[in-house]
Structures are given as C-alpha cells and as structure tokens.
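Please keep the structure in view while reading.

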Amino acid sequence: MQSTKPKVKILSVDDEAPLELLMRQYFRRKIRSGEYEFFFAHNGLEALTVMLDNPDIEIILSDINMPEMDGLTLLAKINEMRNPALRVIMVSAYGDMKNIRHAMNNGAFDFTTKPIDMDDLAQTIEKAREQIEYVHQSQKEHTQLESLKKDLTVAAEIQQYILPRIFPPFPEDAERMDIAASMQAAKDIGGDFYDFFRLDDEHIALVIADVCGKGIPAALFMAMSRTLIRSKGMQVMGAAECLTEANKLLVSYSVDKMFVTVFYAVYNINTGQVTYCNAGHNPPLVLREDGSVEELPVTRDVVLGIINGFSFHEGSMQLNRGDALFMFTDGVNEATDSEQQEFGMERLTATLKNGKGESCQQMIDGVKASMAAFVGNAEQSDDITMLALKRT
C-alpha cells in the first residue's frame, strides 16, 4: 500500500559495501511503500555529487572514517549549504567518541555506533523526519506570512489611493475655501477614513469616520462604508437623510457587529452654512477667526451599522470668513505617551489656538508636531485622521 506520508530521501555514505544491502533489506517495506528512498555513496566526494544531482535529499547517514573525504569534512561542507531541513546522522565505532563529540558540536543531528542497531537507527531516522516536517511547515508558514505582508502593503497603498489626495481639491473655489486632510494608519492598513465631494455648484460634502476594530476586517468595512456614504450623499442633499439611508445598508452588510462612527457635513460654499449629522463620532472643533475654539454640538445619533431603521438628526452652524471646522478621529485626542497619558482635548485645543490664522494644512501639521512631541517614542496604537475646512 502506498504511504500517505511525504517521501523522505536518505543518503547513506559509507565505504563498507555490505551496509547498502543491510539498509535495503531492513527498510524494504518503507522503500516499497514509497515512504523512504535511499541513495548510496562510498565517501564524502561521492556524497556531494549525489547531493548535487538530488538536492531534495534531507537525511544523511555518514560514516566518520572514509577515504578521500571523511565524514567530518563532509559535515562541514553540508553546513555550508545552509539548508535548515538537512539532518546528518553520524556513524562511527563505539570507541570513537572524540570524533562523535566533534561532529555533534558542529551540527550533526544525532549519531549511531557500529555495529549498527537497525531498530535504534529506524527511530533516529523517524525523529529526524519529524523535525524536517516541522521545518517545512515553518517555512510554509513563513512564506504565507511574507505573502500576507506583501498583500497588506498593496492593500495599504490601495487604501491611501481611494482617499482624496489632491489639494486644493476644488481649484475653482480655492479663493473661497481651504481644505486639507491626513490619515495615518496605526498598522499596515486602517479603519479610519475621510472624504469630500461636490454635490452641486454651491454645496460640498465632508466625511470623517472611524470603523471599530483594526486590520483587514476594519479596512474592508471602511471601504464599504465610504462607498455607501458617498453613493447616498450623491443621491440626497440632507446630512441626516444620507446617514439614515447609508445605515440601512450597513446594518444588512455588517458582520460580527462591526460599526462605524461618522461625522457628515454639507457645506454651502457661498453662505458658509454647515448642516451636519454626528453618528457617534468625536465632536469637531470650530476655530473662530478671533482665535477662540468651541466644540460643535452633537446631534445625539447612534453609530452606523448597528440599529436598523434608525432616523438620524441634523444640526447646523455658521462659518464666517476666517473660521474653520477641524474634524478628527479619537486617534488624535487619545494618543498616549510611554506612561499611558493621553494627548487629550486640552492639548489639542491649545495647539489649534496657537495656530490662529493658519491654513488647513498648517493646522494639521501643527497638531501632528504637537502629538509627536507629546508621545515621544511610544507606539502608535490607533489610526490618526484629520480633516479641516476653512472659509477664506
């Protein structure tokens, strides 16, 4: 019967001819079943030639004392191949313990003494085989991890690509408004996103959101949320109506109770009027021209993706010339230093006040610099996303 185990190739290196016959006889069942395949050489030089022709040999039984090239020299040559799956079992006379110890100290897997106890050798070969299979499994997992890492790198590039990256985004209205944004993922890919798009000649929509969780699931839910919100935003004018419709779809698509916090606003370019809906997101900050900072009142709505049929509400506010709306995710105010102290709203507000009169990009850069000085060498634990709009 053919064995289900993967075949292992074994090279026996010994200048004693009867050993080949002994090996073939003792392991005949495993050879017949395809479990073992034996190769034979009479010295180290022959062994290297056989290995060159059969690079998938992974167990080597090598005598220590042989003509032309002895077993210790062969072991050194095998070590130079740097094949982590190769296992070398040394064979020598019982009294040759000095050479056996030398071989073991130089990377031999195990040893057996002459006359060879075939039962003991069979157990040693099986032990070597188990370790070889473990190495192969580790190599396979390493390859899979490398492939996943490469996929994550591509996914991160795609994720950044789908976010608006051209500033100013609306050159034809650059004299009336300023917009800048930034998203810095904590891992390879993130769950935060921002977006803005034109609704008509007078109105643009602005979105900032934070998906629960991290990694690939959050990134996929992020992409779906952005697409649905943008799609519904292009169909309806009201902020509350947009999130109400988007929520219906997200609830039906949500897996493992995933949700997303969203701040969605519609800005009138001509009048500075902002209508908005806050679905469980951090309240944005309003920077007045005089340098004062106030928190935008929330609309007390729930996050998207949890409650089916929820009707969202709408708020409004006025941006005067020189005023700005600063939107952010909790990765900003909850950024921590090495002692787990949070950056906090007080520091964020102070940073924005100190940047009175700055452009939107300067605001974002200023907050980034302030955060970096605060957290120091502490690892970033959450995505950091900011979106700023200024009426100029």
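In this predicted model, helix α3, residues 44-53, packs with helix α4, residues 71-80, at an angle of about 25°, and their axes lie 9 Å apart. Because angles under 35 degrees count as roughly parallel, α3 is described as roughly parallel to α4. The crossing of these two helices is right-handed. On the α3 side, the contact involves G44, A47, L48 and M51, which meet L74, K77 and I78 of α4. Sorted by class, the contact of α3 with α4 consists of five nonpolar residues, one polar residue and one charged residue.

A further helix pair is formed by α10, residues 344-354, and α11, residues 360-375, which pack at an angle of about 135° with their axes 9 Å apart. This angle makes α10 oblique to α11. The crossing of α10 and α11 is right-handed. Here R347, L348, T351 and L352 of α10 meet M363, G366, V367, S370 and F374 of α11. The residues of this contact comprise five nonpolar, three polar and one charged.

| Helix pair | Angle | Axis distance | Crossing |
|---|---|---|---|
| α3 and α4 | about 25° | 9 Å | right-handed |
| α10 and α11 | about 135° | 9 Å | right-handed |

**The parallel sheet**

Strands of a sheet pair through backbone hydrogen bonds, either parallel or antiparallel. Strand β1, residues 8-13, pairs with β2 in the parallel sense over six bridges. Within β2, A41 is the bridge partner of V13.

**The antiparallel sheet**

Another open sheet has five strands in the order β7-β8-β9-β10-β13, and its pairing is antiparallel. Its edge strands are β7 (192-198) and β13 (315-318), each of which pairs on one side only. Neighbouring strands of this sheet are turned by 20° against each other on average, direction ignored. Strand β8, residues 203-211, and strand β9, residues 260-268, run antiparallel and are joined by nine bridges. In β9, V260 is the bridge partner of V211. Helix α7, residues 215-235, packs on the sheet and touches β7, β8 and β9; the direction of α7 makes about 20° with that of β7.

**Cysteines**

How many disulfides does the model contain? A disulfide is a covalent bond between the sulfur atoms of two cysteines. With a cut-off of 2.5 Å between cysteine sulfur atoms, the count is zero. C212 takes part in no disulfide, and the nearest cysteine sulfur, that of C277, is 18 Å away. For C242, the closest cysteine sulfur is also in C277, at 8.8 Å, which is too far for a bond.

Methods: Residues are numbered from 1 along each chain as its sequence is written. This is a predicted model: local features need pLDDT of at least 70, side-chain atom pairs count only at pLDDT 80 or more; totals for chains, interfaces and linings use all residues. Side-chain values use heavy atoms; hydrogens and water are left out. Two strands pair if DSSP finds at least two bridges between them. Helices (H or I, at least four residues) and strands (E, at least two) are DSSP runs, numbered from the N terminus. Axes are lines fitted to C-alpha atoms, for helices over the stretch in contact, and angles run from 0 to 180 degrees between N-to-C directions. Contact means heavy atoms within 4.5 Å. Angles under 35 degrees count as roughly parallel, over 145 as roughly antiparallel, 65 to 115 as roughly perpendicular and the rest as oblique. A crossing is left-handed if the near helix is turned anticlockwise from the far one by less than a right angle, and right-handed if clockwise. Ala, Val, Leu, Ile, Met, Phe, Trp, Tyr, Cys and Pro count as nonpolar, Asp, Glu, Lys and Arg as charged, and the others, Gly among them, as polar.
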